[in-house]
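Hi everyone, thanks for making time. Let me put the structure up, and then we can walk through a few parts of it together.

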Amino acid sequence: MIRVALVREWQVLLRAKGAVINPLAFLLLTTTLFVIAAPDAITSGTDGPAEVAPGILWTLVLLTQLLALDGMYRRDFDSGVLEQSLVSAQVPFVTVLIRIFMQWLSTGFIMAMLAPILGWILGLSTQALPATALALLLGTPALSLLGSVGASVTVGFNRGGVILALLVLPLFLPTLVFGADMVMAAQVGRSVMPQVYALSLISLVALALAPFAALAGLKISLEMQ
Amino acid sequence: MTVQPLLDVNALSCERGGRRLFSPISLSVFPGDYVELVGANGSGKSTLLRTLAGLHSQFAGEYRSKDALYQGHRLGLDGLLTPLENLAWLAGLEDHTLDHDITLNALDRAGVLTKAYSPCSAMSAGQQRRVAMARWLLSSRKLWLLDEPLTALDASAQDLLRYVIAEHCATGGAVICATHHAIAIDGKSELRLDTSIAEGR
Amino acid sequence: MLGASLKRLWHKLGSPRWFFSLTTPWVTFFGWSAAALLLWGTIWGLAYAPADYQQGNSFRIMYVHVPAAMLAQSLYIGMGVAGFIGLVWRMKLTDVAISACLPLGMVITALALFSGSVWGRPTWGSWWEWDGRTVSTLVLFFLFVGIYALREAIAEAELRARASALIAMVGTVNIPIIKYSVEWWNTLHQPASFGLTQKPAMPSEMWLPLLVMVLGFYCFAGMIVLLRMRSEILQREMSARWVSDWISGRESS
């Protein structure tokens with residue numbers, strides 16, 4: 001079943017590329033806008049770009065993730081695919097896990113790959129770029145996982161996006177803090193190991209808890225239908 | 001060797017918002033049974049089927065069932081995917097891999113072979129329902145829970161539905177079907193939901 | 001023997017009627033205790049505790065801010081625990097508890113934010129600083145608002161209960177993570193702000209009134225939560241016999 005579920009996710013991804021491209025375009029656009037609108041803020045801090053750029057990058061990453069989360073379950077919810085997963089699958093938990101994984105693959109993972117470009121736009125030094133990519137790689141799974149819990153509970157709402165943001169942004173805060181600091185540390189030459197541990201730990205805790213919570217949330221939403 | 005029931009229901013009454021929707025029902029469904037759920041709109045037919053499918057958790061009483069195939073108002077077909085891809089995925093949920101030819105054969109029997117390679121969103125509602133019926137043919141589940149399967153079906157599709165259900169019951173399966181219009185199946189039994197308990201409040 | 005009676009007690013706890021009759025005297029108890037403790041603590045803290053050598057008299061707002069912040073967090077964690085119990089043991093009463101704690105939690109968190117800001121003004125020179133504690137309290141406020149918004153969006157009672165319980169649990173698990181991350185960020189980016197409730201460092205004349213205030217706040221919360229829970233129980237069980245008996249009993253007395 002895992003193979004079949006992955007195949008379907010891949011097929012959908014290929015046919016609805018906009019769902020992947022739009023949030024990433026949003027990220028690139030807003031990052032660029034920031035640099036255009038406030039070039040001095042980026043480059044004139046006492047630590048150079050280190051002061052502002054990491055926070056800006058991570059905030060925009062969070063907002064992009066919110067954008068991508070909103071529709072995470074909606075198509076399957078509306079079409080009845082979701083309820084079929086829960087009724088027919090021997091282990092519905094696995095389908096949820098796969099959905100979350102694909103969500104991460106199509107947002108967080110690609111954002112991590114784009115980190116060098118984003119970092120360059122924001123004026124980060126070259127030495128900081130690998131750490132930036134790693135920070136995103138380690139931190140974005142937590143965003144997808146925790147976000148999926150909020151998405152699971154709000155999928156049936158008409159204007160669920162606002163409530164989703166409200167539920168999920170407080171949970172994103174730790175990743176934001178450690179992620180931004182990791183970039184900053186790399187920029188000024190501090191060790192990034194503490195942040196690596198912290199980000200990994202948060203993502204692991206999220207991995208242990210979030211899929212179960214998301215499944216529970218989906219069951220609640222399906223019962224509302 | 002006694003035949004095991006596919007479904008055992010004991011004093012089951014579905015609830016919504018703390019209220020019972022209908023008087024408790026008890027029944028056993030054996031291979032070959034066709035049970036028609038009748039009742040007015042809002043009598044709880046859909047809720048009962050969803051409860052038996054495991055999608056609705058508010059109820060009193062108990063039920064025990066083998067894994068069922070559930071067909072609700074939403075078809076469970078992904079519009080971006082072709083019928084072939086949808087059927088492969090739906091079968092995959094039940095953990096079996098479909099042979100390509102067998103799948104095409106099922107689509108042919110359902111009368112939508114020509115659409116096998118187009119995305120489902122490009123098909124009419126009636127055609128999508130035929131794809132859903134093809135899915136039933138390929139499923140290994142013995143118990144079918146169907147909610148208003150006659151919706152959007154033209155005359156020939158209705159005949160197909162009748163045939164498919166009859167064939168399933170004849171080959172050891174059972175069907176519980178909620179429908180406004182009776183479906184003529186030999187040996188059918190009717191289950192009427194008594195909603196006076198809900199109205200009496 | 002003990003196990004069996006504990007189990008019985010646990011099951012009884014799920015009965016709204018039993019809970020209602022059990023808690024009837026508690027409301028008055030908490031109410032009076034709260035009044036006494038808060039009065040005592042306020043007078044002691046405002047008038048008799050020694051002035052802080054660094055902050056002078058302005059530190060006294062601590063006697064409102066610290067209990068409020070502690071209570072706010074306890075209320076949210078209480079919701080999380082209630083949610084867990086509700087989901088595992090299917091007790092309807094836990095949702096009554098959650099809906100009772102929610103508005104109080106929001107108000108108390110707002111009070112904590114406001115009093116923290118008032119405290120900060122003479123100390124920092126500004127009405128707001130982004131330090132670890134203020135950010136944590138602000139995030140807690142948003143956690144409350146989130147559950148509130150969620151409850152407003154779900155009409156069906158049973159599903160609203162399950163969704164609130166789920167989100168409250170997820171939020172509760174995240175609270176220590178959030179606090180830790182904010183403290184950590186704070187040590188890097190802010191100079192050490194005014195030392196808050198480092199009890200060993202505070203002389204007992206300073207933290208004893210604080211303890212009294214904390215107890216007073218918790219008693220107050222106990223009273224409010226019980227009142228709201230009892231009121232909601234009466235509403236939910238409106239059609240039950242014992243409710244009409246109770247109401248007619250009150251009317252005749």
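Predicted model: local features only at pLDDT ≥ 70, side-chain atom pairs only at ≥ 80, totals over all residues.

Leu37(C) has 20 other C-beta atoms within 10 Å, and since the cut-off for buried is 20 or more, it counts as buried. You'll find Leu37(C) in helix 2 of chain C, which covers residues 16-48. What does Leu37(C) touch, once we leave aside neighbours within four places in sequence? Its contacts are Val212(C), Leu215(C), Gly216(C) and Cys219(C). There is also Phe220(C): 183 residues separate it from Leu37(C) along the chain, yet their C-alpha atoms are 9.4 Å apart.

Now over to chain A, and its own helix 2. This helix runs over residues 18-37, and at 1.5 Å a residue its 20 residues should span 28 Å; the end C-alpha atoms are 27 Å apart, so the two agree. Which of its residues are buried? They are Pro23(A), Leu27(A), Thr31(A) and Phe34(A). Looking down the axis of helix 2 of chain A, these buried residues sit within an arc of 70°, so they line one face. Among the elements covering them are helix 4 (53-70) and helix 8 (108-121) of chain A. Turned away from that buried side are exposed residues, including Ile21(A), Leu29(A) and Leu33(A).

Last stop, the contact between chains A and B. Chain A puts in 21 residues and chain B 23. On the chain A side, helix 1 (2-15), helix 6 (81-88) and helix 11 (193-224) each supply at least two residues. Helix 6 of chain A gives the most, with seven. By type, the chain A side has ten nonpolar, seven polar and four charged residues.

Thanks, all!

Key: Residues numbered from 1 in each chain as written. Chains lettered and ligands numbered in written order. Helix = DSSP H or I, 4+ residues; strand = E, 2+ residues; numbered from the N terminus. Expected span 1.5 Å × (residues − 1). Buried ≥ 20, exposed ≤ 12 C-beta atoms within 10 Å, placed from the backbone. Arc of directions from axis to C-beta. Contact = placed C-beta atoms within 7 Å. Nonpolar A, V, L, I, M, F, W, Y, C, P; charged D, E, K, R; others polar.
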